[in-house]
Amino acid sequence: MNAEAGEEIKTKMTVEKNKKDNNKMEKKFEKNFKLIPFVRFISHQQSLFPTIFGLYFNHNEEESITQGMKIETNQLGNTFQYHPSTKGNEDFHGGYIKYFIRKHLANKYDVKLIDRLAEHVIAYPENYQTGKNPKLKEAIKKHYKIYTDKNTTAIDIRYSIKVVSLSRSIFGERVVPRKEFHTYYENLLAIVKYLDSLTYNTMEMYPELNCEYFQAQSVILFDGDVAFEIMVSKYDLSAKRVKYNQKIIQSILHSLSYYKRTGKKIRKLVIYNPLLGEEHVVELKDIDFELLEEALDKDLTAFQSNRLHNNNNYFRILY
């Protein structure tokens, strides 16, 4: 057999294998729910998805406690002080910090930086306030190019990142601030210092994790088994517990989809809150994916018939 014939057979075998893999994937994702919520929506609606929450949390009158999952907290530094200009714009400021972190990580690990919300706002301005605000439309388009340029650094393009981060609010049909808000420079340097201290070898930004049960959030994965989440608010203790639980549920759900797609498990969740100078680490152990999928199927099936809620909150479900 000559080399050319051997290569042809090898190619045919590869094609057949890919077909079989695709068939297996189709069987894995054979459910056909009409309304598929975002993971974030599920994690915020315990009453609508009681079976899922019941797998991982004990409930009493005061708090929810994760079963067999300990949260290890590392204090990284001081709590950030808000610049006076952020008053009333804390949510926009939080979005900016997230975009700043993603930009720095993309540069550090040499991965392509994209933002689906910004790209959608740029592509379809007629659907958003940018359609009636050409100055804002052109600003986002201009600064998105700067933001995604591998030759620019987060600390040097702070204004561009700020402009691009507004896409999140524009997509959510929120009116953007009229005046610029600021962040103390030393706070940004503290973020850079923490990110540079991370010792992971690889990073995957926004892997495809949608499945038949939910639409995934934007996820950062380190070394194929560590989910990295960012929290950007100064929560009190009781609110922090709720937020932690929401992040844990999101990571557990993402882990299911990741496992179904790759056969790999997300084994750890790292939650970084630069505003509080904290890092929280949760080991995701002994997740029974079969049991989790049964819970998802049960709750999603019931959710489809919740017409009153769906009609009144359709946008919130899909975003």
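The protein, seen here as a predicted model, contains 12 helices and eight strands. Of its 319 residues, 45% count as buried. Among contacts between residues at least 6 apart in sequence, 74% join residues at least 24 apart. The accessible surface comes to about 17,800 Å², and carbon and sulfur atoms account for 48% of that area.

In soluble globular proteins, nonpolar side chains tend to be buried together. The largest nonpolar core here has 49 residues, and those with the most contacts inside it include Phe 100, Ile 101, Leu 105 and Phe 222. Helix 4, spanning residues 90-108, gives the most to this core, with eight residues. Because domain 1 (68-82 + 200-303) and domain 2 (84-183) both give residues to the core, it lies between them. Apart from this core lies another, of 40 residues, among them Leu 48, Tyr 56, Met 69 and Leu 292.

Phe 222 also belongs to an aromatic cluster with Tyr 109, Tyr 194, Tyr 200, Phe 228 and Tyr 272. Leaving aside residues up to four places away in sequence, the residues that Phe 222 touches include Leu 105, Tyr 109, Tyr 200 and Phe 228.

Aromatic pairs number 15 in the structure. In one of them, the ring centres of Phe 49 and Phe 303 lie 5.3 Å apart with planes at 45°, so the pair is tilted. Phe 49 sits in the loop between helix 2 (39-43) and helix 3 (50-56), whereas Phe 303 is in helix 10 (residues 289-304), 254 residues apart. Both Phe 49 and Phe 303 are buried.

Key:
Residues numbered from 1 in each chain as written. Predicted model: local features only at pLDDT ≥ 70, side-chain atom pairs only at ≥ 80, totals over all residues. Heavy atoms only, no water. Core = buried A, V, L, I, M, F, W, Y, C linked by side-chain atoms within 4.5 Å. Buried < 20%, exposed > 50% of the residue type's maximum accessible area, 1.4 Å probe, protein only. Helix = DSSP H or I, 4+ residues; strand = E, 2+ residues; numbered from the N terminus. Domains from an automatic or database assignment. Contact = heavy atoms within 4.5 Å. Areas by Shrake-Rupley, 256 points an atom, 1.4 Å probe, with all protein chains shown as cover. Phe/Tyr/Trp six-rings, centres within 6.5 Å; stacked < 30°, edge-to-face > 60°.
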